[in-house]
Protein chains: 2
Amino acid sequence: MINTLHFSSDYEKDLLIRIQKETDKIGYYNLPKQNTSYIDDYLKQLDRRQGLDNIKDIVVIGIGGSSLGAKSVYYFIKSVRKLKRKLHFIDSTDPITITNTCDRLNLNSTHFLVISKSGSTIETIAAYKYTLGLINGSATDCFPFTFITDKNSLLEKHAVKVGGLIVNIQDNVGGRFSVLSSVGLIPLILADIKVDCLLQGAAKINNSFFKKGCVQEALLKKATFYAKNSTNYNINAIFSYTDSLQYFNDWYVQLWGESLGKKQKNSAFNVGLTPIGLTGPKDQHSFLQLLADGTRNKSVTFIKLKEFNNQQSIPDIRLKELENLDLINNIKFSTLINLQEESIFESLSASKRIPLDEITIQKQDEFSIGQLIYYYELLTSLVGDLLNINTYDQPGVESGKQILVKKLQQIKNNRS
Amino acid sequence: MINTLHFSSDYEKDLLIRIQKETDKIGYYNLPKQNTSYIDDYLKQLDRRQGLDNIKDIVVIGIGGSSLGAKSVYYFIKSVRKLKRKLHFIDSTDPITITNTCDRLNLNSTHFLVISKSGSTIETIAAYKYTLGLINGSATDCFPFTFITDKNSLLEKHAVKVGGLIVNIQDNVGGRFSVLSSVGLIPLILADIKVDCLLQGAAKINNSFFKKGCVQEALLKKATFYAKNSTNYNINAIFSYTDSLQYFNDWYVQLWGESLGKKQKNSAFNVGLTPIGLTGPKDQHSFLQLLADGTRNKSVTFIKLKEFNNQQSIPDIRLKELENLDLINNIKFSTLINLQEESIFESLSASKRIPLDEITIQKQDEFSIGQLIYYYELLTSLVGDLLNINTYDQPGVESGKQILVKKLQQIKNNRS
């Protein structure tokens, strides 16, 4: 008996070629090397309008992709550096959140960024109207609103009409891929984040991926594994061992879930990978038991920060009754948290049936989080391609919006 | 041909009987009707020690079940009521979090609650040593620590030695089921939360479940459905439509994941239900697409707040270019957020293949969250019983702890 195999091993090569083709029509690929002169122009306009030195607080009115990216970078940097201005995020219709946030503001030193790609996001327009009401009722004499939206959106037309400042979003950049566009960069530069370093970090991953650097192999291999095993390992957890990545986790959850939860292009079959964002060591006391002993349907990516911006040690205080734990004395907290990460990694790898990987970022700076962001954007695109879905749309959220409009229309009809 | 069926329909009756038997040995069942005189005794002791009026800040040093419960109730109430004292939570070994939290404190008006059931939680002891170092280095002349721990734990012995205040945890209450024990009630009473109302809410669900009230049928039916379908619908999302339940979501994730991710009693087969905590409407712009179009492996429970403690409306500002959205004018934000919840519920129910249910809580008060907490504790016990697992242990987290101790020992050996 003869059995000759002619299985192709060109999967990964073909995948790379398909992704290279995408870079013409999907905008986010080109953001790391964008021309940022529009940011300087904008800052000059804002300075003339309100005086940059007068502005202490920035309110980002935007939901989903219009706030999660800036939030993730802002809190990552803010935990280790004193920033020039404070960012506040209104990303809800919860009246308590909206009023509590606005009650803390001094309207004379606040600027509002109204961010909506489509320009007609109902939560964003509701919050905009609320803050506009506050401004109209105040003694403020300037119009402290900037509108970040797609060219020619209805919101842009409105902004022109009322004389708001306008920044357009680069072409073909979807909400969840927009953190490195004007959507993320404008709030971040106002907070005093080094957006050039953020873009350099992203550019480094971009180069390393498209020009066969060390990231290329890892990304292709990982994406292929995730896609091939998407029915059995259908949950992908990231386990970040620093609290400063808390909102990065939320950003990842949106990017992954909204991109990869789709009907397949040909079959309309429901597929999807479920993202989970965990924080260590906290979630060792919450989610770890499920990872360790639960159903083998989860992959875990550990994210580790190499250099914490803090050298604090556990003091050398011996406690006789708890002498077993005197082992931790004189250990830096940063050493301890990284040892915890290594220990959990080892304990889970012992099972052999939990796909594990580890990402190490160097520092708590813009360059590092720029790398991490771009790495995950590329990974998402790769997996989406292999799952045979449209990674960049979100058709499943439309019917809920339409039902809401009908309900609002009914209320209006009943009133009049 | 004759086919006579003798299928039992006594599942639910048997389940109820088994759970009733558990109430003798599992402590949390009896917490709603606990004698709370120990709380008054404790407050008197604390008053003598440090003067209750002098204490402005309470630091909870505890991780997992030792902090998530109090955190969920505290933030739920805090969003709508000015409280007497501020709670801070140190539930990490991240040096930035620990030092940033402590930098904000005035040590003269701070009291620390060191909470650990076993008494030897490494994160908790590390943070305790750090804060003890701060106190030792300060001018404070009292010892501002209370220890909440199991009777006869090593931490209790230490507390006796150093003259700390001590509150024991009620017998047989596991960490993730401990929010209604001293673990949750002591921090909450110090913040000014009405813990009697919290317990009354829990007692109401307890009665309704064990004495065949309306909750009994819902819980038995829901638990049976989740357990029977635990392999296909293995992800259980809760979708809370108020930001004030954000930390309740985290509490749920721990309760559900750590209780239900286990090896089965007889087979040692890995089973588990994966919890997801979502917040609306924010996560309509993040996770909803995956729910709507992704793999049909998720159930969704919507949690709705009937009466928001805020009557703010969207002002009647008409925007010509966005006139389609003038529909929201004069609508209360609380009405809008609840309409959003109803719309998403309807849109997902259209698929017929996503198990949905809805929980409505009345108000942003202690009674309502007490009900919600106890409802989820009972549901967890019921599902755990049906999955044939031990709901109350967490053996999977041990090996990581042991590996960590080995690594620390190695460092110590290398140093000496």
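This is a predicted model: local features need pLDDT of at least 70, side-chain atom pairs count only at pLDDT 80 or more; totals for chains, interfaces and linings use all residues.

Biologist: Fine. In strand 9 of chain B, what is the bridge partner of B:Phe239?

Modeller: B:Leu278 is the partner there. The pairing is between strand 6 of chain B, residues 235-240, and strand 9 of chain B; the two run parallel and are joined by six bridges.

Biologist: How many residues of strand 9 of chain B are buried?

Modeller: Six of its six, over residues 274-279, so the strand is mostly covered; buried here takes 20 or more other C-beta atoms within 10 Å.

Biologist: And which residues sit on each of its faces?

Modeller: B:Thr274, B:Ile276 and B:Leu278 are on one side, with B:Pro275, B:Gly277 and B:Thr279 on the other. Both faces are covered, as all of those residues are buried.

Biologist: Switching to the chains. What rotation superposes chain B on chain A?

Modeller: A rotation of 180°, with 0.0 Å of shift along its axis and an RMSD of 0.0 Å. The two copies are therefore related as by a two-fold rotation axis.

Biologist: Which C-alpha of chain B is nearest the axis?

Modeller: That of B:Ile276, 3.9 Å from the axis. B:Ile276 is also one of the buried residues of strand 9 of chain B.

Biologist: How many residues of chain B are in contact with chain A?

Modeller: 101 residues of chain B, against 101 residues of chain A. On the chain B side, helix 12 (residues 333-349) gives the most, with 11 residues.

Biologist: What's the split by residue type on that side of chain B?

Modeller: It goes 43 nonpolar, 40 polar and 18 charged.

Biologist: OK, sheets. What is the strand order of the open five-stranded sheet in chain B?

Modeller: 2-1-3-4-5, with parallel pairing. Strand 2 (86-90) and strand 5 (165-168) of chain B are the edge strands, each pairing on one side only. Direction ignored, neighbouring strands in this sheet are turned by 20° against each other on average.

Biologist: How many bridges join strand 1 of chain B to strand 2 of chain B?

Modeller: Five, and the strands run parallel; strand 1 covers residues 57-61. Within that pairing, B:Val59 has B:His88 in strand 2 of chain B as its bridge partner. Helix 5 (residues 122-136) of chain B packs on this sheet and touches strand 1, strand 2 and strand 3 (110-115) of chain B. The direction of helix 5 makes about 140° with that of strand 1 of chain B.

Biologist: And over in chain A, what's the order of the open sheet?

Modeller: 2-1-3-4-5 with parallel pairing, in five strands. Strand 4 (residues 145-149) of chain A pairs with strand 5 of chain A in the parallel sense over four bridges, and A:Thr146 stands opposite A:Leu165 there. Helix 6 (residues 154-162) of chain A packs on the sheet, touching those two strands, and its direction makes about 155° with that of strand 4 of chain A.

Biologist: Which residues of helix 6 of chain A are buried?

Modeller: A:Leu154, A:Leu155, A:Glu156, A:His158 and A:Ala159. They pack against strand 4 and strand 5 of chain A. Just after the helix, A:Gly163 takes a positive phi of about 75°.

Biologist: One more residue: why does B:Phe302 count as buried?

Modeller: Because B:Phe302 has 21 C-beta neighbours inside 10 Å, and the cut-off is 20 or more. B:Phe302 is in strand 10 (residues 298-307) of chain B. Leaving aside neighbours within four places in sequence, its contacts are B:Phe239, B:Tyr241, B:Glu341, B:Phe345 and B:Glu358. B:Phe239 is the residue we began with, bridged to B:Leu278.

Biologist: Last one: which residues touch the most other members of the largest nonpolar core?

Modeller: A:Ile61, A:Val73, A:Leu113, B:Ile61, B:Val73 and B:Leu113, out of 232 residues in that core. Not counting residues up to four places away in sequence, B:Val73 touches B:Val179, B:Gly184, B:Leu188, B:Ile193, B:Leu198 and B:Ile369.

Conventions. Residues are numbered from 1 along each chain as its sequence is written. Chains are lettered from A and ligands numbered from 1 in the order in which they are written. A residue is buried if 20 or more other C-beta atoms lie within 10 Å of its own, exposed if 12 or fewer, and partly exposed in between; C-beta atoms are placed from the backbone. Two strands pair if DSSP finds at least two bridges between them. Copies are superposed by least squares on the C-alpha atoms of residues with pLDDT of at least 70 in both. Two residues are in contact if their C-beta atoms, placed from the backbone, lie within 7 Å. Ala, Val, Leu, Ile, Met, Phe, Trp, Tyr, Cys and Pro count as nonpolar, Asp, Glu, Lys and Arg as charged, and the others, Gly among them, as polar. Axes are lines fitted to C-alpha atoms, for helices over the stretch in contact, and angles run from 0 to 180 degrees between N-to-C directions. A nonpolar core is a set of buried Ala, Val, Leu, Ile, Met, Phe, Trp, Tyr and Cys residues joined through C-beta atoms within 7 Å.
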